[in-house]
Every structure is written in structure tokens, then in C-alpha cells.
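Thanks, everyone, for making the time this morning. I would like to walk through two pieces of packing, one after the other, and then take your comments.

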Number of protein chains: 2
Amino acid sequence: MTNKDARTPASVQDETSQEAGKSIGWHKAYVEGSRPDLRVPVRQVHLTNGQSVTLYDTSGPYTDPLVDTDVRRGLPPLRENWIIARGDTEEYAGRPVRPEDDGIKHTSPRGGLRNLDAVFPGRPRQPRRGRGGQAVTQLAYARRGEITPEMEFVALRENVSPEVVREEIAAGRAVLPANVNHPEIEPMIIGKRFLVKVNANIGNSAVTSSIEEEVEKMTWATRWGADTVMDLSTGRNIHTTREWVLRNSPVPIGTVPLYQALEKVDGKAEELTWEIYKDTVIEQAEQGVDYMTVHAGVRLAYVPLTANRKTGIVSRGGSIMAAWCLAHHKESFLYENFEELCEILAAYDVTYSLGDGLRPGSIADANDEAQFAELRTLGELNRIAKRFHVQTMIEGPGHVPMHKIKENIDLQQEICDEAPFYTLGPLTTDVAPAYDHITSGIGAAMIAWWGTAMLCYVTPKEHLGLPNRDDVKTGVITYKIAAHAADLAKGHPGAQEWDDALSDARFEFRWEDQFNLALDPETAREFHDETLPAEPAKTAHFCSMCGPKFCSMKISQDIRREHGGSRAEIEEGMALKSKEFAEAGNRVYLPIAD
Amino acid sequence: MTNKDARTPASVQDETSQEAGKSIGWHKAYVEGSRPDLRVPVRQVHLTNGQSVTLYDTSGPYTDPLVDTDVRRGLPPLRENWIIARGDTEEYAGRPVRPEDDGIKHTSPRGGLRNLDAVFPGRPRQPRRGRGGQAVTQLAYARRGEITPEMEFVALRENVSPEVVREEIAAGRAVLPANVNHPEIEPMIIGKRFLVKVNANIGNSAVTSSIEEEVEKMTWATRWGADTVMDLSTGRNIHTTREWVLRNSPVPIGTVPLYQALEKVDGKAEELTWEIYKDTVIEQAEQGVDYMTVHAGVRLAYVPLTANRKTGIVSRGGSIMAAWCLAHHKESFLYENFEELCEILAAYDVTYSLGDGLRPGSIADANDEAQFAELRTLGELNRIAKRFHVQTMIEGPGHVPMHKIKENIDLQQEICDEAPFYTLGPLTTDVAPAYDHITSGIGAAMIAWWGTAMLCYVTPKEHLGLPNRDDVKTGVITYKIAAHAADLAKGHPGAQEWDDALSDARFEFRWEDQFNLALDPETAREFHDETLPAEPAKTAHFCSMCGPKFCSMKISQDIRREHGGSRAEIEEGMALKSKEFAEAGNRVYLPIAD
């Protein structure tokens with residue numbers, strides 16, 4: 001998307017660059033919508049040749065020097081007036097927060113909390129839900145033909161018409177995750193007609209990490225391009241960590257409520273009940289969780305199908321539900337109570353992410369009976385969710401060798417009525433622990449090309465440990481590559497203009513423009529400077545790979561220069577020569593008798 | 001490939017592990033062939049459950065504690081007796097080494113040399129060539145129905161019959177690069193019926209790096225799995241650097257002779273002549289270069305086709321030849337003298353790597369007229385080379401978006417009579433400098449699945465600078481992932497056994513086995529220890545991602561344990577329950593009236 005777009009970015013804020021004392025080459029800007037409170041953030045890259053390129057921006061108000069952010073106060077509630085204006089929700093007292101929400105049984109709620117002075121100190125708020133339990137979902141609005149401000153926002157963001165957004169949501173081919181209790185988000189859309197999205201997982205665990213770290217990982221992930229963030233915290237302080245994350249997140253937040261429910265029964269899967277689960281879902285919906293992974297497709301009858309697998313059940317949620325089913329020898333309480341769950345989610349506009357609890361955990365288990373049996377159930381549940389106007393996406397694998405990837409997306413699209421597919425990778429081989437961002441980035445790019453709408457990132461620490469700050473960045477950037485490669489392959493309008501701008505800069509030795517247009521400007525600049533650190537090298541017409549004599553781009557440019565100034569002239573000159581050449585017989589090589 | 005293989009590794013040397021003071025879990029071993037001097041190296045991984053896994057090994061004698069290596073002496077000439085025994089070659093005085101071979105014009109040969117005391121000190125040797133100029137190529141032997149020791153070696157290495165190897169070489173669908181002057185190599189094969197191979201580029205440049213660094217990069221690259229190495233040195237000391245690299249390399253070495261030829265004319269492309277080029281080819285063939293990139297497909301008539309490109313000509317060789325053609329307005333001297341070149345290469349068994357000088361340097365230029373015009377010429381040249389019994393592979397792009405990749409391999413296979421395709425990536429997007437190992441790893445995996453025989457690696461420094469040691473390792477491992485993912489997708493016999501062994505170890509919490517089976521054991525272990533450093537954690541039945549309560553693998557195992565010991569028993573138990581369940585109606589969920 002370049003400055004040739006019809007969209008007009010609002011006045012550019014120059015403060016960032018001036019503060020840094022020199023031009024950093026890009027600014028936060030906004031595309032204005034039909035009303036003053038509808039401003040879509042973009043990253044405006046200013047090139048040294050006077051042109052500019054407009055890129056999608058997920059970093060939130062943190063990169064806008066005119067916005068005064070404070071993690072202790074939270075982000076401004078961008079969507080609050082839109083939600084209130086619809087008049088279909090009501091505030092209510094809400095469920096009281098209990099010590100066990102933070103995994104604390106025998107002490108005061110604050111007793112077990114760590115860091116940031118624990119409880120979120122921002123303004124107190126009451127939760128909101130659909131008046132009289134009505135569905136206040138973007139799906140319900142879209143089906144009624146309404147274009148909400150959220151839909152207009154994503155239309156501007158994706159550079160498509162609002163009607164396309166409405167149609168895709170109404171058809172269930174896209175979701176716009178936006179809980180009425182998470183007014184801080186900048187709306188985004190997940191669907192195969194739109195840019196491929198990337199989710200980053202964060203979350204403390206029983207073993208390590210703190211609240212600060214999780215909030216920091218969230219802002220860090222969105223800075224590098226994460227479109228949504230899943231908080232997969234386990235252990236203590238789950239409720240409080242989530243509150244901090246939600247109040248400070250400019251992107252939709254997803255969770256797996258089963259993890260917190262399990263904490264409430266001390267990790268004993270068999271002690272889980274529908275009541276505890278439902279209470280946890282309401283707790284999280286009131287906080288503002290935008291989408292929830294629900295493993296309702298792990299049915300009792302499918303568990304034996306995993307017995308001969310190489311790696312059994314590898315989904316945490318899947319294994320918890322399988323353990324519960326077997327312990328009670330009963331059908332899953334999630335499957336049995338799915339309609340009641342739909343009623344709850346509809347009243348907050350929480351989007352379903354129907355979990356693939358039986359996804360393969362190794363190449364050997366890919367596309368097996370267990371996996372596809374669950375997928376068929378997810379198709380059934382998707383139709384039920386739609387009856388309740390609940391937005392729904394479907395989760396997918398996992399570990400799948402390349403030749404078995406396409407069957408996954410094709411079957412999912414068929415069985416689930418084209419609901420958005422949301423896949424983890426898939427990893428295309430098992431043999432490279434410490435490089436699973438790469439084994440999975442390969443599969444992710446392919447499956448996204450073929451129709452997956454959102455990719456769940458995998459970091460280098462997958463299978464080995466918890467990702468740190470660097471791992472989160474590496475994971476997000478790897479997946480932005482996969483997503484953008486898929487946007488190109490799908491022919492997404494505007495996708496290639498970014499590549500073209502960077503390639504032009506490369507050919508013309510505009511090093512600073514190359515850096516500023518890169519997915520990761522800092523590392524690109526650092527790598528260049530490692531070999532050729534001097535400032536003049538940034539404008540040199542060669543680089544360290546070949547040196548001045550051998551530079552192919554330089555030779556290409558010399559050829560053009562010698563044979564005329566513009567491309568048209570050189571082509572004309574060359575064509576003339578070529579014509580002479582063709583007229584002379586067009587071949588120089590004389591074949592010998594064999 | 002596991003210990004169930006028919007192949008019997010020779011006695012395992014334990015010295016490595018004993019020296020380290022504790023078991024490191026793997027050893028260099030050898031699979032013995034039909035004669036005592038035919039021993040194929042393998043990496044034998046010993047698992048804690050008593051089993052072992054045999055992996056392909058490219059690291060050469062350096063990882064064998066029984067072999068006393070010394071870079072100043074070079075590797076033992078493994079193939080020397082095989083070559084002599086054939087009786088079709090002769091030693092001769094050879095071309096004297098001249099100062100200009102090392103880019104030195106006005107001083108003594110040693111004057112310009114740096115490091116390692118410059119000239120290689122190993123035993124003096126005379127070059128060898130086909131007696132009376134006859135073709136002494138593996139292709140010639142294969143066509144005559146001969147199975148050479150080299151062919152038997154690769155058959156053992158690939159776990160196929162020698163006859164399959166001979167057939168594939170005879171048909172031109174595979175090459176076995178093995179210059180008669182490079183007896184040090186452990187033979188390997190490049191063809192779509194075999195394991196996908198990876199090439200790593202090294203090479204000093206006019207700007208930076210030394211001889212030691214290049215030799216070190218070569219051994220380092222092969223340690224991580226590089227199957228061949230290309231020495232792309234420019235600037236000074238090209239001849240001497242190459243001598244050190246060749247004498248110490250257990251893998252075939254490739255070059256681009258044009259680079260050195262250009263140094264001999266001070267970087268002035270228009271001053272190149274066929275005579276200078278030919279002399280350089282002979283110089284390199286006498287040293288033992290196993291394959292040479294020849295940009296004979298860049299014809300005068302094709303140069304104008306690049307005029308409207310986004311990034312012109314990005315291949316160094318391609319741009320040099322284009323500059324020469326335009327400066328003289330003559331057909332390429334490489335194209336014109338191609339048959340004479342074939343005669344030279346045949347006499348040393350140098351394999352052609354027909355260069356794609358007009359490959360696209362940006363997404364925008366992929367699959368254009370210039371690229372495919374050159375490809376058609378490469379098809380023509382391939383047939384000529386085959387007449388001279390010269391083994392030939394074809395180089396391919398470059399920068400190609402995913403949806404345009406398949407056309408590249410399909411066209412190449414059709415036009416070039418299934419000659420092995422050897423591609424650089426392709427990079428699937430231009431927007432991620434500093435991550436082009438990943439942008440290209442995606443394309444590499446896909447094109448290898450579809451038939452590319454060898455992948456030329458790309459490091460994180462691509463477009464930005466010269467790769468250092470870490471970059472070489474990252475590039476090689478990324479490409480081993482792509483190659484292995486392709487082996488899996490192609491259903492290469494034995495490929496999945498490696499994944500299965502690692503997945504079994506993962507499911508059974510055999511952490512040490514996971515590390516030892518990993519493509520990069522060191523990093524996998526390091527990442528694990530970062531979060532859970534204690535030694536007991538290596539045998540813990542959980543890991544840091546989920547902690548003890550939530551571990552899905554542990555829950556899966558608990559399920560199995562509770563319901564019977566073995567997989568068969570648990571399946572039986574589950575199946576019984578499942579049957580009861582099915583008899584009870586097989587559904588618990590009651591649909592409501594809509």
C-alpha cells in the first residue's frame with residue numbers, strides 16, 4: 001500500500017524523529033474515517049526519494065508520540081462510545097473477583113500476587129453485556145445489514161469497502177473479535193479475503209515468569225506485528241495478569257478458559273465441572289477477552305482413536321478434556337453444554353476459537369482418524385454457534401508434512417462452511433527443536449496461501465522452554481514473513497507494492513530506505529553495519545557481499561546509464577541492437593556434427 | 001534410517017564420548033562396502049532406551065577421533081586408488097601458478113598473501129586428466145554400464161541399490177560431482193530420486209575476510225550438514241584460498257570461474273576474453289574444483305529483456321556477461337565456445353552448474369521473459385554437454401512468490417530433460433532483509449518437494465553483508481530443515497524414521513535423546529536449560545512450557561497408564577468403553593429445536 005492509495009493519512013506527527021535528533025524515516029499516522037473518532041493507525045515510511053509507503057500498523061498508541069500512555073492507567077477506550085451508542089448493552093454489577101481466580105486458596109487475594117503492585121490500578125469499571133441476554137455480536141449486526149464503526153475501521157485498515165467486510169462477517173467467512181468489555185482495541189478482521197493475520201502467545205506458567213513480563217511481551221509482540229495475542233497463563237495470578245494485559249492491549253486478546261478452570265480445581269482434571277468452567281468463562285468475558293479457545297470437539301468416542309498415536313494428545317486443552325471424559329466415562333461437558341455457552345458468548349461478543357484438541361503432535365500422527373473426527377464435530381459446533389450469532393473460527397494443526405497440508409485447509413473449509421481457519425504452523429518436520437519457528441514458518445506460509453486466515457506463531461523455544469523477549473520477536477517476524485508471503489501468493493491487492501518499494505530501494509542503493517521498509521529495520525541496519533560500518537557506506541553504490549568491482553546491481557545500472565538515461569530509452573536502444581542481431585540470423589553458436 | 005537398516009555400521013568408536021568425560025550420545029561410524037577402502041561415514045545416535053539411529057553425515061574425517069587431521073597437510077586422498085585403478089587418466093606437468101592467479105600484478109606471488117603462511121604446504125602433487133583428453137566422467141562410466149566405487153559409495157549413503165545410482169546418472173537425472181583432482185571427497189549424489197542436498201557458499205571478497213576464515217567456514221558448514229560448498233572468493237588470494245579449501249574439503253567444491261577471470265582483467269568486464277576464461281577453468285580444474293557455474297545462457301539478445309525489470313540483473317556472473325556482450329555487441333564468448341569448454345570439463349570430470357544469470361532479483365521480476373529465455377538456452381546447452389559426457393545441473397532462482405514457484409521446477413524439468421535443478425531459495429518475499437534465510441527457506445522447501453535436487457543456502461546476511469560463523473550455521477540448518485521437510489513430503493524411504501525417533505523421545509520425556517537427535521543438539525539443549533537448568537529436569541516428566549500440572553504429554557501418558565500398560569492394552573480398554581458408548585446411541589448432545 002503506497003501513497004497512491006485513495007486513503008488520506010491525517011497529518012503526520014514528526015515528534016518521534018525530531019526527538020531522536022535525526023530522521024528515523026517513518027511516522028505513526030492515521031487514516032480518517034467518516035467520523036472524527038474513527039482514525040485508523042498506519043505506519044508511514046518516508047523514502048529519501050520523496051515518496052512514501054503506508055504500512056499496516058498493529059503497535060497501538062504506544063508508537064504515537066502525541067498519546068501519553070501509562071500501563072497503570074491503561075489505554076483509552078476507543079470503542080466505548082460506539083458500544084454505548086448502539087444501545088443494546090447494559091452495565092451490571094458483575095461477578096465478584098475471588099481469591100481462587102488468581103489461584104489462591106488460603107490467603108488474601110493480594111497475598112499471592114507479585115509485581116506491579118498486583119491489582120490493576122486503572123479506573124474502576126463495571127462489566128457490560130447484551131441487554132436481556134441478546135446477541136450483541138458483529139455477526140448479528142452484519143446479518144441485519146448494519147455496518148458498525150468497527151467494520152468501517154477494518155475496511156479502512158484493509159483498504160476494501162465496508163460492505164465487503166459486512167458480507168464476509170455475515171457469511172461467517174470472517175470474524176471481527178471485539179468483546180464489548182474490551183473497548184481499548186483497534187478493530188481488526190480475520191478472514192481469507194483479508195490480510196493474513198498473526199497471533200502471538202504469551203502467558204506465565206507454573207514454573208516461571210511474572211505479570212510485568214507478560215504485559216511487556218504483549219506490547220513487544222504487537223510492536224513487531226502481532227495482530228492478536230493469546231494469554232495462556234497458568235499457575236497463579238491468572239486473573240490479575242489478564243486484567244493488566246487487557247487494559248493495555250490495542251489488539252484482541254484470546255484465552256483458553258479451561259486452563260484457569262483447571263487451576264481452580266488444583267490441576268485435577270476429573271474435578272472439573274461445567275459450573276466451574278462456565279463461571280470462568282463469565283469471569284473472563286466480563287474482563288473483556290475477545291476470543292476463547294473451546295475444546296468442545298474432544299468427544300469421549302474420539303479418545304481411543306489416539307491410542308496408537310506416536311505422540312498421543314499434545315494439546316493441553318485436549319488432554320485435559322480427554323482425561324475428564326475417561327475419568328467419568330461421560331461425554332465432554334463442553335460438548336454437552338455448548339448451546340448454553342453460545343448464549344453467554346453472544347451476550348459479550350466473545351468469538352469462538354474452536355480448539356483442535358486432537359491435533360497431531362508429530363509428523364507421524366498428521367491427518368489421522370482422531371484429528372479429522374474432531375474436525376467434523378467442529379463443523380457441527382460451528383453451525384450451532386452461528387445459530388446463536390456467535391462469531392466462530394476453527395483451530396488447526398500442528399505437525400503436518402508438506403504433502404498433507406492442503407488436505408487440512410480444504411477439509412476444514414468444506415466441513416466448517418468456510419469459517420476462518422486459525423492454524424498453529426504447521427510444523428513440517430520434527431527434527432529441529434530450537435528452530436521450530438522455521439519448521440513451522442514453512443507450513444504456515446503454505447497453508448495461509450491456501451486459505452488459512454490467521455497463523456498462531458511458534459517461537460524458537462517451542463518444545464524446549466518459555467519464550468523470552470527475543471524469542472517473541474523472532475516468532476512474530478517469522479510469522480509476518482509467512483503471512484506476507486501468503487498475501488503475495490493470494491494476490492492480495494496492495495501486498496506487492498511493499499516488496500516493490502523495497503526492491504526499488506535495493507536496486508538504487510537507497511540503504512536507509514531499505515532498512516526503514518524492512519520488517520525489522522533495526523536488525524537489517526545492524527547486519528549491514530557489521531561489515532561496512534562507515535556512514536558513507538549507507539550511500540555507497542555497492543555493498544560488502546561483492547565489493548565495488550563485482551556489484552551486479554552496479555553493473556546493471558552502468559548498462560542502463562551507458563545505453564540511455566531512462567528505462568524506456570535503454571530498452572529502445574537495446575531493442576534496436578537486438579533487432580539487428582535477430583536480422584543477422586539470431587544465432588552465433590554453430591552446432592557441430594554429432 | 002534406524003538400526004533396523006540392512007546396513008551394518010562398522011565398530012563404533014567410543015573415544016569421542018570418553019574424552020568428553022561423559023556420554024555425548026552419538027559417534028562417528030562407518031558402513032562398509034564391498035571393499036576395505038569403501039567405508040561410508042554415518043552419525044550413529046545412541047538412545048537411552050538402547051536403540052540407535054543412523055543419520056547421514058557430511059562432516060568428514062574431522063569428527064572421527066581415530067583420524068588425525070591437520071589442515072596444513074590436508075585430508076587423505078580417499079578416492080586416489082579408485083581413480084588410478086581405472087587407468088584412464090594421466091598425470092602431467094600442469095599449468096604453472098602465476099601471481100595473477102592470486103590477483104597480484106606487480107609483486108611476488110607471496111607478497112600479497114595473508115595468513116596460514118599463504119601457499120598450501122601439503123605434499124606436492126601433479127594434476128591429472130583424461131588420457132588423450134577422453135571423458136573420465138561418472139556419466140561416461142554410467143552410460144557404459146559401469147558401477148564405480150563412487151557410485152557404490154553413494155548407494156550405501158542413500159540406502160539404495162548401486163544400479164539405481166548408475167541409472168539416474170546415466171539418464172542425466174543425477175550428478176556425482178567428483179573431479180579426478182579432488183580425491184579427498186566422500187562421494188555424494190545430487191538428483192531428485194535422492195535426499196535433497198544443501199550447498200553453502202563461502203568466499204572472501206575484495207572488502208573483507210581471510211583464508212583461515214574461509215577454510216574454517218567450509219569445515220563449519222559441513223559439520224552442520226552442507227553437502228557441497230561453493231567458494232565464491234573475489235579479490236586477492238583466490239587461487240591460494242581455493243587450494244586450502246580443496247585439500248581440506250570432504251565435500252565437492254563448486255566455483256564461478258568468471259569471478260577469478262574478472263580479477264585477472266582488473267574487474268573490467270569488457271576486457272575478458274575466452275582465452276583468459278579458459279585458462280582460469282583449466283587452472284581450477286587442475287586444482288580439483290568439482291563443479292563450476294557457467295553463465296553461458298546469458299545471450300546478447302536476452303539483455304534487453306531485462307531493461308524494464310524492477311531489479312535488472314542481480315546475478316554477478318550474469319551482469320558481467322551482459323556487460324561484456326553489450327560492450328562488444330557480440331554473442332557471449334561462453335555460449336560461442338561452449339563445446340570446447342565441454343571437452344575441458346570432460347577430461348577432469350568437472351560437473352557443469354549452468355548458471356541462471358538472468359534470475360529474478362525481486363518478486364516483481366519472477367518468471368519473466370528474460371528468465372525463461374535463458375532457461376530455454378540452458379536446456380539447449382544441457383543437451384550439448386551430455387554429448388560430451390559432461391555431468392550437468394541447472395541453476396534456478398532467486399526471488400519468486402509462492403504461487404509462481406511450481407512453474408519454475410516444472411518448466412526446468414521439461415526443458416532440461418530432468419537434469420538436476422539447483423536453486424537459490426527462492427525467496428518468497430522481498431520485505432525481510434536480515435531474515436532471508438527464512439523468506440527463502442519457505443520457497444526452498446516447496447521447490448525441493450516438487451523436485452529440486454539441491455538447494456543453495458541463504459544466510460541472514462543476504463543483501464546486507466558477508467556471513468560470519470553464526471550466519472553460516474543458521475543458513476545451513478535452515479536449509480537442512482527445508483531439505484528434510486522435502487524428503488518427508490516426497491516420501492523418501494527412511495526420512496520419517498528420524499522424525500519418529502525424535503517424536504518418540506519427546507513423548508517419553510527422553511530429553512537427552514531429543515537433543516542428540518536434533519539437527520542442532522547444542523542449541524536445543526541450551527534453550528531447554530535456559531528455563532529449567534537443573535540436571536533432574538532432563539529426566540522430568542514435564543517441561544517449562546506448561547509445568548507439572550498441565551503437561552499434555554504427561555496427561556496422555558497417565559491416560560495410557562490408567563487404562564492398561566501397553567498401547568495395545570489401552571486401545572483395547574478404550575475400544576471396549578467406546579463400543580459401550582456407541583451401543584448407547586453414540587451421541588450425548590441433544591440438538592434443540594431451531
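I will begin with a pair of helices in chain B and then turn to a sheet in chain A. Please keep in mind throughout that this is a predicted model.

The helices are α6 of chain B, covering residues 211-223, and α16 of chain B, covering residues 469-489, and they pack with their axes 9 Å apart at an angle of about 30°. Since angles under 35 degrees count as roughly parallel, α6(B) and α16(B) are therefore described as roughly parallel to each other, and their crossing is right-handed. On the α6(B) side the contact involves B:Glu216, B:Lys217, B:Trp220 and B:Ala221, which meet B:Arg469, B:Val472, B:Lys473 and B:Val476 of α16(B). Sorted by class, this contact of α6(B) with α16(B) comprises 4 nonpolar and 4 charged residues, with no polar ones.

Now to chain A, where 3 strands form an open sheet in the order β1-β2-β3, with antiparallel pairing. Its edges are β1 (26-32) and β3 (52-56) of chain A, each of which pairs on one side only, and neighbouring strands of the sheet are turned against each other by 40° on average, if direction is ignored. Strand β2 of chain A, residues 39-46, is joined to β3(A) by 5 bridges, the two running antiparallel, and A:Gln44 stands opposite A:Thr54 in β3(A).

What packs on this sheet, touching β1, β2 and β3 of chain A? That is helix α4 of chain A, residues 149-158, whose direction makes about 15° with that of β2(A).

Technical notes
Residues are numbered from 1 along each chain as its sequence is written. Chains are lettered from A and ligands numbered from 1 in the order in which they are written. This is a predicted model: local features need pLDDT of at least 70, side-chain atom pairs count only at pLDDT 80 or more; totals for chains, interfaces and linings use all residues. Side-chain values use heavy atoms; hydrogens and water are left out. Axes are lines fitted to C-alpha atoms, for helices over the stretch in contact, and angles run from 0 to 180 degrees between N-to-C directions. Helices (H or I, at least four residues) and strands (E, at least two) are DSSP runs, numbered from the N terminus. Angles under 35 degrees count as roughly parallel, over 145 as roughly antiparallel, 65 to 115 as roughly perpendicular and the rest as oblique. A crossing is left-handed if the near helix is turned anticlockwise from the far one by less than a right angle, and right-handed if clockwise. Contact means heavy atoms within 4.5 Å. Ala, Val, Leu, Ile, Met, Phe, Trp, Tyr, Cys and Pro count as nonpolar, Asp, Glu, Lys and Arg as charged, and the others, Gly among them, as polar. Two strands pair if DSSP finds at least two bridges between them.
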